[in-house]
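Here are a few notes to go with the structure below. Have a look at it first, then read on.

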Amino acid sequence: MSLTKPQKTYKRIGIVTINDYTNYGNRLQNYALQTLLSQFGPCETIFCYANDDTPSKKKQIADCAKTIMKFCAGGVHHLTGKRELAFRKFTKELAPDDKATVDYRNGLLPKGTHFDCIVAGSDQVWNDRYISQSGLRLRLCSFASNQTRLISYAASFGVDNVKKSSEDSFRTYLPRFSALSVREDRAKELVHELSGEEATVVIDPTLMLTADQWLSITQGFVKPDDRYVLTYFLGHLSPEQDQIIQDYARKHHCRVRNIYSYYSFSDDAENYPVGPREFVELFAKAQYVFTDSYHACCFSIIFNKDFKVFGRNGLSAKDNMNSRMETLFRLFELGEAFNESTEGHAIDYAHVNQLLEQYRTESGQWLTNALS
């Protein structure tokens, strides 16, 4: 979407996010946020070393070499390498993160690098469960100078409560942001509880781009006559859940195509190696979607696909509803989408699309005001 004409432009905008080459939602939200921010000036993603590791050309070369070796191997290794190459190609072409790095030992590199504005977000950029305290401080832009404007867009904690050891970092660094926005209702509460600051709930950057904008990055991966039910699960399906999917596909004369989660392995040469571009196209052309993934819900909404959410790892869908899902379903009034006991029902997309346009306008105006 095109935002309200910016009142201010910047010489250089940086994004601090999670740099994950195996996660579809992470790569796609990074691309979407970079697309939005580019309307305010040249924008790039900073590679953030948030686990006490430091930049190493040798390690980067070794990682690339491992990917190529997998690709040249046979069986599952070839498919894994093919997927990793697709992620790397997507990142290089559409969301590059190789111009600047930050780590807790060296700060921002190359030396002398300056950003007029740094944006923290989106995804679970402030989730303190998987990074060190020094890494968390980097994700809170501790390295930025006082002359750099700091904002967050759709930042997420990914959890309902932070660790006790993290509270001081949030208390210290959140007040440095000139404007704070988050992705979930609980994140808004956490910002206030931890720092006394106020945050605004905005929609995920993937939802800010239109269906046509997303289709513009696809490359004809899906055959025109392919009828399929799409599944994407980060947890493991129960036999009962799998039976529901198979029954639905049979009833509607579709096959099942499964985009496997990043930690699953398969010999499915058609679906396993898909990269972020193909992920988008598979949602765009699906007949129906079953998932337990937040971003799968986002892309189902973008492309007006009926979908159902299952609970993850044996939990019921309602018991498994974390704040990001709860907020998404509250905003779009989609309660029935996570009722596993019902037949897959048709979503009123005339109403959902009205709400989506409203939230795009509101979130876009917030971003314009935050950067003006």
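**Notes on the cavity and the cysteines**

1. The largest cavity contains about 40 Å³ of space. A cavity here is a set of points, on a 1 Å grid over the protein atoms alone, where a 1.4 Å probe fits but cannot get out; points are joined across faces, edges and corners, and the volume is the space filled by probe spheres set on them. The structure has one cavity of 30 Å³ or more.

2. Before going further: this is a predicted model, where local features need pLDDT of at least 70, side-chain atom pairs count only at pLDDT 80 or more, and totals for chains, interfaces and linings use all residues. Residues are numbered from 1 along each chain as its sequence is written, and side-chain values use heavy atoms, with hydrogens and water left out.

3. Who lines the largest cavity? Lining residues have an atom within 4 Å of a point, and they are R183, V202, I203, D204, L207, Y294, R324, T327, L328 and L331. Helix α12 (residues 323–332) gives the most, with four residues; helices are DSSP runs of H or I, at least four residues, numbered from the N terminus.

4. On to the cysteines: searching the whole structure turns up zero disulfides (pairs of cysteine sulfur atoms within 2.5 Å). The closest cysteine sulfur to that of C48 is in C141, 8.3 Å away, so it is too far for a bond. C297 is in no disulfide either, with the nearest cysteine sulfur, that of C298, 7.0 Å away.

Methods. 1 Å grid on protein atoms, 1.4 Å probe; cavity = no way out; pocket = protein on both sides within 12 Å on 5 of 7 lines; lining within 4 Å. Helix = DSSP H or I, 4+ residues; strand = E, 2+ residues; numbered from the N terminus.
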